[in-house]
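Please follow the account below with the model open alongside the text. The paragraphs proceed from single residues to the packing of elements.

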Amino acid sequence: IADSFGDVSVVFIDIVGFSQLSRILSPGHLLKMLNAIFGMADASASRFGIEKVKTIGDAYLAVAGGNSSRDKDAVAAIHFACDVIEQVREYASKSGIEVAVRIGIHTGNVVGGVVGAQRLAYDYWGSTMNVASRLEGQARANGIAVSESTYLEAFGQVEFTGPEVIALKGIGERKVYRFVALEDTAPAA
């Protein structure tokens, strides 16, 4: 199976300071926290029609516009990301654990399919995936960094900071925009 998709918004979510948290929390408590955060992300994905692709350690990968997502636009990906951040903030407040996430979103072309002979799962590949991952590293704690293509697709529907030109490792210089005012723009699901 090999499918080509255009204008997919790839969302990379990473837990800030996970290595430090793993030194503070017991293994059982750490797993409980991961399960809670990823469970919140799964519920948000379902609410906003976003496709969860997989978790990779303390990272969560999702797409809008892929094989089984309802919505194909960057705005849905941003609203999903906002919802996850708000839920993680609430979790941190209620649990007393200082936890936050960083989110990167890039919109572009991807290839999807199933490879291998064991533990078969549908996955996505391409430079769009790599750019989204690098953008996540540029986001602030409980913040969202997006590429120029995501910015242009969401322009006028959500608010961003002005562009910063940032060198992304292995990719080169790119314009990066930061999402503004989480509390004002995330819709009620």
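**A guided reading of the model**

Asp-7 is partly exposed, because its relative accessible area is 48%; buried means under 20% relative accessible area, exposed over 50%, and partly exposed in between, with a 1.4 Å probe and protein chains only. The model is predicted, so local features need pLDDT of at least 70 and side-chain atom pairs count only at pLDDT 80 or more, whereas totals for chains, interfaces and linings use all residues. Residues are numbered from 1 along each chain as its sequence is written, and side-chain values use heavy atoms, with hydrogens and water left out.

Asp-7 belongs to strand E1, residues 2–15. Helices (H or I, at least four residues) and strands (E, at least two) are DSSP runs, numbered from the N terminus. Although Asp-7 is not a glycine, its phi is positive, at about 55°. Asn-142 likewise has a positive phi, near 55°, and is a residue other than glycine. Asn-142 sits in the loop between H4 and strand E6 (143–147). With a relative accessible area of 14%, Asn-142 is buried.

Helix H4 spans residues 127–136, and its buried residues are Thr-128, Met-129, Val-131, Ala-132, Leu-135 and Glu-136. Viewed down the axis of H4, these buried residues fall within an arc of 165°, so they line one face of the helix; the arc is that of the directions from the helix axis to the C-beta atoms. An α-helix has 3.6 residues a turn, so residues three or four places apart point the same way.

Which two helices have axes that come within 9 Å and cross at roughly 145°? They are H2 (residues 27–48) and H3 (residues 74–95). Axes are lines fitted to C-alpha atoms, for helices over the stretch in contact, and angles run from 0 to 180 degrees between N-to-C directions. The contact involves Met-33, Ala-36, Ile-37, Met-40, Ala-41, Ser-44, Ala-45, Arg-47 and Phe-48 of H2, together with Ala-76, His-79, Phe-80, Asp-83, Val-84, Gln-87, Val-88 and Tyr-91 of H3. Contact means heavy atoms within 4.5 Å. By class, twelve residues in the contact of H2 with H3 are nonpolar, three are polar and two are charged.

Not counting residues up to four places away in sequence, Tyr-91 touches Met-33, Ala-36, Ile-37, Met-40, Gly-96, Ile-97 and Val-99. Ala-74 is also found in helix H3, and at 0% relative accessibility Ala-74 is buried. With residues up to four places away in sequence again left out, Ala-74 touches Ser-9, Thr-107, Thr-150 and Glu-153. The C-alpha atoms of Ala-74 and Asn-142 are separated by 18 Å, the two residues being 68 residues apart along the chain.

Is Arg-178 buried or exposed? Arg-178 counts as buried because its relative accessibility is 8%. A polar atom of the side chain of Arg-178 lies 2.6 Å from the backbone oxygen of Gln-138. Leaving aside neighbours within four places in sequence, Arg-178 is in contact with residues including Gln-138, Ala-139, Arg-140, Ile-144 and Glu-159.

Terms used. Nonpolar A, V, L, I, M, F, W, Y, C, P; charged D, E, K, R; others polar. Polar contact = N/O pair within 3.5 Å; in protein donor to acceptor, adjacent residues only side chain to side chain.
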